[in-house]
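Reader: I'm new to this one. Could you walk me through a few of its strands and cavities?

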Amino acid sequence: MAFIFIFFYGSEKKAGSFLGGTLIPALVPGHYTVSITKPGYTTWTKNLEVKPGEVTAASAVQLWPHAPEQTTLLRNNSAFWLTDAGFITRDASSTLHVSDRTLRGNEVVLSDATSPFVVTTDRGSFFWVDLNHPEGALNINELFNSLHARLLGVQRSSTTIEALDWHPFSEQKLVVQTQTALYVLDMRRIELERLLDAPLITASAAVGNEVLAAGNGTFWAYHTITRTLSTTSIDTSERVRSIAGTADGSFALIVTDSGALYMLNRTDRSLTLIAREVETFALSPEEKRLALALRGGAVELFFLGAMTSDTREQPGARIRFSTMLASSTDTLAWFKGFANQLIALSGGSLTAIEADARAPQHAHTIATNVIQFAVDNTVFVLDRGGDLVAVDCDR
């Protein structure tokens, strides 16, 4: 005896998702095609194999509305960012606004939907802005160099800031990367702490409890709790462009200038080439899957660790989706609030992609003519006409 178990996730308030499940018992082992339909929504279809004595599950069924409801929120914008204080928008003259207040800078480089603090930039200078008191914006470059000179015991410093990131534990601390060092800048206490000196640093990131960095054939990890530094030699044969990692410290992900993506196993220090010509990638929420957008439009899923859900996948398993994106992909992310769904901005189209190894793999266009998007329970898109629009995918 064998079964198919179709589980509909979500809540009763979401018309495209369902609560509960349906068990279909006493099936003859073999291959079955299951389809789920609802008027006004896309049809979900999956080819499922039923094996003797096992339950075959489909636990992430999502139906997308053919015409999602769209509400225009703001007009005449060239960019936007989500914050705890609401939207920051940039108008046609490159001026930043939050509500009816003007912000210093012309672009936001750090922001968070749950934080009232942002970092903006303008002509090479960075500014720390408390959105509750934006008139008191601080010039980060000037503050950093003043504290840096004091740290070095010299009268003046003119060190260039290469990159900034949030500190792992405090929204009022920044990780500062220069060409040869990493620092923590405490914006509340006005203090500077040096974490690392190196011949060359080309990329850094704050992940979990650590601050990661790479450059000149070396990978560093500074643990912010134990205050210890580990060093690993890496042979990528070219400059490291960006790095990321899992929050538990198991893996680091290293991207070179040509788009080669490497996986560094932090336990045995082995370096594995995952893919070449990677445009962008996204680590899944449970940190066992890595979604890749490759040049030419291909989308792949790589498994960092073993994973058992509807299917069983082993570390190193790779799935290439049938969905093809435009030749250039700006953003690839896991869709917040929807199990096993990716969201990609490519060629002006915002597309939801089903991350399932089993055919057919569904893709649905959420919006077109998009230049930027954000997801926070609702999908927000900025179109080429300058309109900031809320798209209700659950109507």
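This is a predicted model: local features need pLDDT of at least 70, side-chain atom pairs count only at pLDDT 80 or more; totals for chains, interfaces and linings use all residues.

Reader: Which residue in S25 does valine 255 stand opposite?

Author: Residues are numbered from 1 along each chain as its sequence is written, and side-chain values use heavy atoms, without hydrogens or water. Strands here are DSSP runs (E, at least two residues), numbered from the N terminus, and two of them pair if DSSP finds at least two bridges between them. S24 (residues 251-256) and S25 run antiparallel, joined by five bridges, and in S25 the residue opposite valine 255 is leucine 261.

Reader: Which residue in the turn between S24 and S25 has a positive phi?

Author: These two strands make a hairpin, with four residues between them. In that turn, the residue with a positive phi, about 95 degrees, is glycine 259.

Reader: And which residue of S26 is opposite methionine 263?

Author: S25 pairs with S26 (residues 271-275) too, in the antiparallel sense and over four bridges. They form a hairpin with five residues between them, and arginine 269 in the turn has a positive phi of about 60 degrees. Opposite methionine 263 you'll find threonine 272.

Reader: How many residues of S25 are buried?

Author: Buried means under 20% relative accessible area (1.4 Å probe, protein chains only). Leu261, Met263 and Asn265 cover one side, Tyr262 and Leu264 the other, and they are all buried. Strand S25 (residues 261-265) is therefore largely enclosed by the rest of the structure, with the count at five of the five.

Reader: Which strands stand at the edges of the open sheet?

Author: That sheet has four strands in the order S19-S20-S21-S22, with antiparallel pairing. Two of them have a single partner strand each, so one side of each is left without a neighbour in the sheet: S19 (203-207) and S22 (228-233).

Reader: How much space lies in the largest cavity?

Author: A cavity is a set of points on a 1 Å grid over the protein atoms alone where a 1.4 Å probe fits but cannot get out, and lining residues have an atom within 4 Å of a point. Two cavities of 30 Å³ or more turn up by this rule. The largest is lined by 14 residues, with Ser309, Thr311, Asn340, Ala355 and Ala357 nearest its centre. Taking volume as the space filled by probe spheres set on the points, the largest cavity holds about 130 Å³.

Key:
Buried means under 20% relative accessible area, exposed over 50%, partly exposed in between (1.4 Å probe, protein chains only). On a 1 Å grid over the protein atoms alone, a cavity is a set of points where a 1.4 Å probe fits but cannot get out, and a pocket is an open set with protein on both sides within 12 Å along at least five of seven lines; lining residues have an atom within 4 Å of a point.
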